[in-house]
Amino acid sequence: MALSIVHRATGVALYFGTLLLAWWLIAAASGPTAYAHVQAFTGSIIGRLIVFGYTWSLLHHLLSGLRHFVWDLGYGFKANEREALTWGALIGGISLTVLVWIVAYTIGGGR
Amino acid sequence: MSAPNSPSMRTPLARVRNLGASHSGTKDFWRQRLTAVAMTLLIVPVIVIVLMLLGRNQAGAAQILGSMPIAIVLLLFIIASCWHMKIGMQVVIEDYVHGEKVKLASVMANNFFCIAVALASIYAILKLSSGV
């Protein structure tokens, strides 16, 4: 599995995605008009796709990073262990992303 | 012993000790892990905070973001993430950018970007907390 490049790619995506988080906080501190602009963007199809991609990048990078942490501690180097950690990060990242979005829509984020 | 025509009187060991290829030793390696663990601990509260804000207007969002425990969690997460992404992007730059001048400019731009994002976000949260 060549997943280390995905770890790096999601890291770079999160780097620029942080601009969205900063924009959202600044808008909340600025006032109703600025906040409405953010909501219009994140509510649009393209905005939702970007935020969905950001959610997956974040959760994948988190789990993939924990995999590196296991290796830093000196465990999980056998071939089957490496495979299990990598598939766990991949499947876990996708599953958690879907779970977060189901919760988001359930509590009214889809409005 | 150093190379015969080297102008330095320091031994190779003295020059490399605590530094290595990154010229900054293992500090960044440690801080990368430190901030990673911090964010792992903070990720669940941060996701809960974002979910709490969905569908609310600015007044509702500002009220939640201005409360003390939420502001502190977000401040910790922003500091950890901006520090983490500064180190991570520097590694990427050092891996892929080979021209020394372009590399220095890229590393500098990376620092400016991360510090600007961090300070803008921190300022926004403090402003929300003080209710100005």
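User: Of the 132 residues of chain B, what percentage count as buried?
Analyst: This is a predicted model in which local features need pLDDT of at least 70 and side-chain atom pairs count only at pLDDT 80 or more, while totals for chains, interfaces and linings use all residues. Residues are numbered from 1 along each chain as its sequence is written, with chains lettered from A and ligands numbered from 1 in the order in which they are written. A residue is buried if 20 or more other C-beta atoms lie within 10 Å of its own, exposed if 12 or fewer, and partly exposed in between, with C-beta atoms placed from the backbone. Of the 132 residues of chain B, the buried share is 21%.

User: Which pattern does chain B follow, read along the sequence?
Analyst: Helices (H or I, at least four residues) and strands (E, at least two) are DSSP runs, numbered from the N terminus. Chain B has five helices and zero strands. Along the sequence, that gives chain B the pattern α-α-α-α-α.

User: Which helix gives the most to the side of chain A that touches chain B?
Analyst: Residues are in contact if their C-beta atoms, placed from the backbone, lie within 7 Å, and 27 residues of chain A are in contact with 25 residues of chain B. α1 (4–30), α2 (32–43), α3 (45–72) and α4 (79–106) of chain A each supply at least two residues of the chain A side. With 13 residues, the helix that gives the most is α1(A).

User: Is α1(A) roughly parallel or roughly antiparallel to α5(B)?
Analyst: Axes are lines fitted to C-alpha atoms, for helices over the stretch in contact, and angles run from 0 to 180 degrees between N-to-C directions. The axes of α1(A) and α5 (residues 100–130) of chain B come within 8 Å and cross at roughly 30 degrees. Angles under 35 degrees count as roughly parallel, over 145 as roughly antiparallel, 65 to 115 as roughly perpendicular and the rest as oblique. α1(A) and α5(B) are therefore roughly parallel.

User: How many residues of the contact of α1(A) with α5(B) are nonpolar?
Analyst: Among the residues making the contact are Leu21(A), Ala22(A) and Leu25(A) of α1(A), and Ala120(B), Ala124(B) and Lys127(B) of α5(B). Ala, Val, Leu, Ile, Met, Phe, Trp, Tyr, Cys and Pro count as nonpolar, Asp, Glu, Lys and Arg as charged, and the others, Gly among them, as polar. In the contact of α1(A) with α5(B), two residues are polar and one is charged, and the nonpolar count is 12.

User: At what angle do α3(A) and α4(A) pack?
Analyst: These two helices have axes 8 Å apart. The contact residues include Phe52(A), Leu59(A) and Leu63(A) of α3(A), and Leu85(A), Ala89(A) and Leu96(A) of α4(A). They divide into 11 nonpolar, seven polar and one charged. The packing angle of α3(A) and α4(A) is about 145 degrees.

User: Which residues does Ile107(A) touch, not counting residues up to four places away in sequence?
Analyst: Ile107(A) is found in the segment after α4 of chain A. Because it has 13 C-beta neighbours inside 10 Å, Ile107(A) counts as partly exposed. With residues up to four places away left out, Ile107(A) touches Leu51(B) and Leu54(B).

Terms used: Contact = placed C-beta atoms within 7 Å.
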